[in-house]
Amino acid sequence: MKQVMRRTLAAMAAGAILAAAGPALAQGKVLRYVKNGNLTILDPIWTTAYVTRDHGYMVYDTLFAMDENNAVKPQMVDKYTVSADKMLWTFTLRDGLAWHDGKPVTAEDCVASLKRWGKRDTMAQKLMDFVKDFKAVDAKTFTMELKEPYGLVLDSLGKPSSNVPFMMPKDVAETDPFKQISSRVGSGPFIYDDAASKPGERHVYVKNTKYKPRAEPPSGLAGGKVVKVDRVEVIEMPDTQQQVNALIVGEIDMLEQIPHDLIPILKKDKGVKLVDWNPLGHVFVIRFNHKVKPFDNAKIRQAALYAMRQEDYLKATIGDPAYYKVCSASFICGTPNAVDAPDGILIKPNLERAKALLKEAGYDGTPIVLMQSTTLPALTNMAPVTKALLEQAGFKVDMQSMDWQTLVTRRTKKEPADKGGWNVFHTYSVSADALNPISNAYYAANGDKAWFGWPDDPTMEKLRDQYAKETDPGKAKALAAAIQARALETAQFGWLGQWYGPGATRADISGWLKAPVPVMWNIEKK
Amino acid sequence: MLDFIARRLVAIIPVLTVVAIFVFLMLRLTPGDPAAIIAGDNATSDQIDEIRRALGLDEPIWTQFIIWIGNVLQGNFGESFFFKKTVAELIAQRVEPTLALAVCTLIIAVVTAVPLGVLAAYRHGSLLDRFVMGFSVLGFSVPVFVIGYVLIYIFAIELGWLPVQGYIRIGVNFWGFLERMVLPSVTLAVIYVALIARITRASVLEVLNEDYIRTARAKGLTNRVVLMRHALRNAAVPILTVIGIGIALLISGAVVTESVYGLPGLGRLTVEAVLSRDFPTIQAVILLFSVVYVLINLVIDISYTLFDPRIRY
């Protein structure tokens, strides 16, 4: 009797263990990943938020993509041709592309997606200025007819960062571009699991088993998107110290970006490795308000730039020289358009020149309203450095501290600084957004239509137009140099150094691709 | 009694009306534009204006208020600007972790603090009394996040007994749920143990000097009976008040603990909504908290009658 009882209990215990393990076995390999921000909006065309862009790369696919050498390669497109006069582009989709609901991806879907993207993205809007018409020729082929040759067709379609031209089904892409889509159907390598996802807690993506990757090996955002895990759980964890703790004890597998002050803790842990997945990194920017005094005067803006030294900012914010680079090229050092700025500007301050310019411009000592963001760790220390440097040059500075959300609201105001407006603030962008004068939003100088600060410089716009139309790479590079020189001449904005934020994984994770965007395909968990 | 309850329930209406107007106006008058936040860093002014129009934020404040209050009266709290989900749905998803944390914290706090407070009063001036008072000062003085990090370091990282963070729903895995509630509840309970123990000690100490306690002792009752049946029962009203306030604060105020331990509760939802200026969510959450405050106060008032028969409504 005792034996029967013991067997029964043993069977029950085994059953209980199997039952408990059941969901885990069913889920297969699960990658638990913490991102640098909460995902709230799931429409990557509706917002430029990077966390939404990254969601886009999971769920959607792109016609073209940028490889690790910053070259644009076909992705959903099998082959493309351009007419001799460079006015007609023909794109043919590769075989086997399908939406998550099983329907085939068609040329009409792609045309509708490009049209929606064209109404939101700044680089896309520029492209659309040149587009005469899109036409779906057959189920797999569409054409793009231009009004005149445009040099950035592939750079636009292969744009790596927000807003990325993600392809969506036609009925989804026909949603008003200023309203969020509600469908989650894409054709990307992962399927968003709406039922299992809980905003504020976790977002769940399961492997799209029907996805047909390209045959080429993965490279950056291009090549074969081979998914090597069954499920990715993006866990929302607001506390950065806890993110690091969770990685150390193995509760999560990957961390997108580590605050620089916590890197030493992870370097000591043998169970964890740091990954420099974004070799291009980020670039700090200072933005002047061209609409209101005193930075409506180019000489006063120039005086401010002459007072600045990139290394002061990078030391104050990043600290460890292994994670920053002093670079006087606005289009990012090591990329095709990079050209050094003359006279050591932004590298070596020239306070005498700055003071002379202020005097020449008749600066009357009006305090500069400098907005300081206190909630984004990478930006918090930027404004105090600017305050110190500008004061050394003879400026009076009123540094006002606020959370980032208040700053992004206030920067939309065009009133004078003492009436609720502003004079100057700092931000940063991923370097991938800054590689040419069209995708680099800080270069737009079309007044009210330009990015905050609203520079109005017809010469700059003319140069940007010439760059956009230029199809010869050599000439395009010369134009980029001229554009950078013009930006320094008018002190349109300042670039204050490049920096890198490594991610971290458990030691048993491999295959994190080097790209400007953290992507989840190719990642293996042993 | 029923008349009292009915009157108190009716009194909720003006309270909620004032809260609704106040919250609505405060949100519109403080800096922060949801459209600018939604649009992201690369958006232009024109794009932000379009989003503002799409969200109805370009309408005059009073028009926005009338639309919102009209919907609320029909039980519709609107849709989150960010999540593309109804606010009611969002709140429903976040209630469980907060309630679980509140209940576990209260159980730990009450079970620990009330006996400690009673013993400290009984052994007034002793080492135990000094320990309880010292712990109370410590509990009040050390910030919750410091307690949290220390506990995590010891029990999760060094000893590996408990998880660092996260939440598992009670219906999914009960043991996983309990395992993940231990550290947050203990962390949050420290301050409540300090508060309740101190109030219990003071109340019991006051009662222990009363004539009826002396009479009870003279009758030959044991210390346990004197303390539990006579002293504690008569000292219960202020203790209940503190516990009641504690419940209300726990439901609305466990923001730091929820953030440190990654609990997806109402506290975190409120912070996220405030930071992103998600007006519909903030308005609904504040209204919910107001209802909770009023109802908990009502329950506490009613519970007084159980301990003190002199109180009648």
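**Entry 1. Ground rules**

I work with a predicted model, in which local features need pLDDT of at least 70 and side-chain atom pairs count only at pLDDT 80 or more, while totals for chains, interfaces and linings use all residues. Residues are numbered from 1 along each chain as its sequence is written, and chains are lettered from A and ligands numbered from 1 in the order in which they are written.

**Entry 2. Chain B overall**

I counted secondary structure in chain B and found 15 helices and 0 strands. Helices (H or I, at least four residues) and strands (E, at least two) are DSSP runs, numbered from the N terminus. The C-alpha trace of chain B spans about 85 × 55 × 35 Å along its principal axes. Of the 313 residues in chain B, 38% are buried. I call a residue buried if 20 or more other C-beta atoms lie within 10 Å of its own, exposed if 12 or fewer, and partly exposed in between, with C-beta atoms placed from the backbone. I then looked at contacts in chain B between residues at least 6 apart in sequence, and 72% of these join residues at least 24 apart. Contact here means that the C-beta atoms of two residues, placed from the backbone, lie within 7 Å.

**Entry 3. Where A meets B**

I looked up the contact between the chains: chain B puts in 44 residues and chain A puts in 40 residues. On the chain B side, the elements giving two or more residues are H3 (34–39), H4 (45–54), H6 (87–122), H8 (144–158), H13 (255–260) and H14 (266–275). H4(B) gives the most, with 7 residues. By class, the chain B side has 21 nonpolar, 13 polar and 10 charged residues. In this scheme Ala, Val, Leu, Ile, Met, Phe, Trp, Tyr, Cys and Pro count as nonpolar, Asp, Glu, Lys and Arg as charged, and the others, Gly among them, as polar.

**Entry 4. Domains of chain A**

I took the domain bounds from an automatic or database domain assignment. It gives chain A domain 1 (2–37 + 189–275 + 502–525), domain 2 (61–173) and domain 3 (282–499). The centres of domain 1 and domain 2 of chain A, taken over C-alpha atoms, are 32 Å apart. In the contact between these two, 13 residues of domain 1 of chain A meet 11 residues of domain 2 of chain A. The domain 1 side has 6 nonpolar, 4 polar and 3 charged residues.

**Entry 5. A sheet in chain A**

I traced an open sheet of 4 strands in chain A, with the order S4-S5-S7-S6 and antiparallel pairing. Two strands pair if DSSP finds at least two bridges between them. S4 (77–82) and S6 (131–136) of chain A are the edge strands, each pairing on one side only. From one strand to the next the twist averages 15 degrees. S6(A) pairs with S7(A) (residues 141–146) in the antiparallel sense over 5 bridges, and Asp133(A) stands opposite Glu145(A) in S7(A). H3(A) (residues 107–120) packs on the sheet, touching S5 (88–93), S6 and S7 of chain A, and its direction makes about 155 degrees with that of S6(A). For these angles, axes are lines fitted to C-alpha atoms, for helices over the stretch in contact, and angles run from 0 to 180 degrees between N-to-C directions.

**Entry 6. Thr505(A) and its strand**

Is Thr505(A) buried or exposed? Thr505(A) counts as buried because it has 23 C-beta neighbours inside 10 Å. It lies in S19(A) (residues 503–506). S19(A) pairs with S12(A) (residues 272–275) in the antiparallel sense over 4 bridges, where Thr505(A) is the bridge partner of Lys273(A). S11(A) (residues 254–255) is also joined to S19(A), by 2 bridges and antiparallel; there Leu255(A) has Ala504(A) as its bridge partner. Not counting residues up to four places away in sequence, Thr505(A) touches Asp253(A), Met254(A), Lys273(A), Val275(A) and Trp512(A).

**Entry 7. Covered parts**

I checked H2(A) (residues 50–59) and found 10 of its 10 residues buried. Its cover includes S8 (190–192) and S9 (202–207) of chain A. The largest nonpolar core has 231 residues, and those with the most contacts inside it include Ala303(A) and Val193(B). Such a core is a set of buried Ala, Val, Leu, Ile, Met, Phe, Trp, Tyr and Cys residues joined through C-beta atoms within 7 Å. H9(B) (residues 174–208) gives the most to this core, with 16 residues.
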